[in-house]
Amino acid sequence: MRRRVFLLSALILALAACGKQDPQPGQESETQQLLVKYAQCMRDNGVPMADPVAGKPGAPNEGVDQDSPAFVSANGVCSPILQGIVADRKANSGNQSANHDKMLALAKCLREHGVDVADPVPGMEKPFGKSLDRTDPAVAAALDKCVTPPGTK
């Protein structure tokens, strides 16, 4: 469950980057602040995780073994930080069709950048199944290209 919260938060950040305007320069969104707090908590508990970068949801996961005992233990301590983000996104995601359309577009973009993913399955916790390995540098690079709004690089 805790791992699902973490993976869902990364997906939520990707979705948010698809259609949301960035905050004013120098101003972090509340979601970004919580994701940074989560990464710091993970580091404090022995997992060398980078801070997330707005519009680059794969960055913190790069090189992190999410199946390691250290990750599972640290995530157990740190995942409550993300609970509000997950609950808020679920409450505000009334238009599942629009979200699914965004995920289809993301899948298409990922394929165009060399990442072989199937179309997402609506209602699944992991819409791309196990085919999206965010620890793979090629996947992280493709995500950076696919979820960063134009003109913000």
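Gln 32 lies in helix H2, which spans residues 30-44. In this predicted model, Gln 32 counts as buried because its relative accessibility is 8%, below the 20% limit used for that class. The side chain of Gln 32 reaches the backbone oxygen of Pro 52 at a distance of 2.9 Å. Lys 37 is also found in helix H2. Lys 37 has a relative accessible area of 52% and is therefore classed as exposed, the limit for that class being over 50%. The C-alpha atoms of Lys 37 and Pro 52 are separated by 9.6 Å, and the two residues are 15 apart along the chain.

The secondary structure of the chain consists of six helices and zero strands. Read from the N terminus, the order of elements is α-α-α-α-α-α. Of the 153 residues, 38% count as buried. The chain exposes about 8,600 Å², and carbon and sulfur atoms supply 52% of that area. Among contacts between residues at least 6 apart in sequence, 61% join residues at least 24 apart.

The average pLDDT is 74, and 62% of the residues score at least 70. By element, confidence is lowest in helix H1 (residues 2-19), with a mean of 44, and highest in helix H3 (residues 69-78), with a mean of 92. Over residues 1-27 the pLDDT is below 50, and in the model this stretch has 53 contacts beyond near neighbours in sequence. Where pLDDT is low, the predicted coordinates should not be read in detail.

In helix H3, the buried residues are Phe 71, Ala 74, Asn 75 and Cys 78. Viewed down the axis of H3, these buried residues fall within an arc of 105 degrees, so they line one face of the helix. An α-helix has 3.6 residues a turn, so residues three or four places apart point the same way.

Leu 82 is placed in helix H4, residues 80-91. With a relative accessible area of 0%, Leu 82 is buried. The C-alpha atom of Leu 82 is 8.7 Å from that of Thr 31, although the two residues are 51 apart along the chain.

The largest nonpolar core contains 14 residues, of which Leu 106, Leu 110, Val 115, Val 117, Phe 128 and Leu 132 touch the most other members. Two or more residues of this core are given by each of helix H5 (96-112) and helix H6 (137-147). Another core, of 13 residues, lies apart from the largest one and includes Cys 41, Val 64, Cys 78 and Ile 85.

In helix H6, the buried residues are Val 139, Ala 140, Ala 142, Leu 143, Asp 144, Cys 146 and Val 147. The N-terminal end of H6 is capped by Asp 136, with a side-chain oxygen of this residue 2.8 Å from the backbone nitrogen of Ala 138.

How values were computed. Residues are numbered from 1 along each chain as its sequence is written. This is a predicted model: local features need pLDDT of at least 70, side-chain atom pairs count only at pLDDT 80 or more; totals for chains, interfaces and linings use all residues. Side-chain values use heavy atoms; hydrogens and water are left out. pLDDT is the predictor's confidence in each residue, from 0 to 100. Helices (H or I, at least four residues) and strands (E, at least two) are DSSP runs, numbered from the N terminus. Contact means heavy atoms within 4.5 Å. A nonpolar core is a set of buried Ala, Val, Leu, Ile, Met, Phe, Trp, Tyr and Cys residues joined through side-chain atoms within 4.5 Å. Buried means under 20% relative accessible area, exposed over 50%, partly exposed in between (1.4 Å probe, protein chains only). A polar contact is a pair of N or O atoms within 3.5 Å; within protein, one must be able to donate a hydrogen and the other to accept it, and residues adjacent in sequence count only if both atoms are side-chain atoms. Accessible areas come from the Shrake-Rupley method with a 1.4 Å probe; for residues, only the protein chains shown count as cover. The arc is that of the directions from the helix axis to the C-beta atoms.
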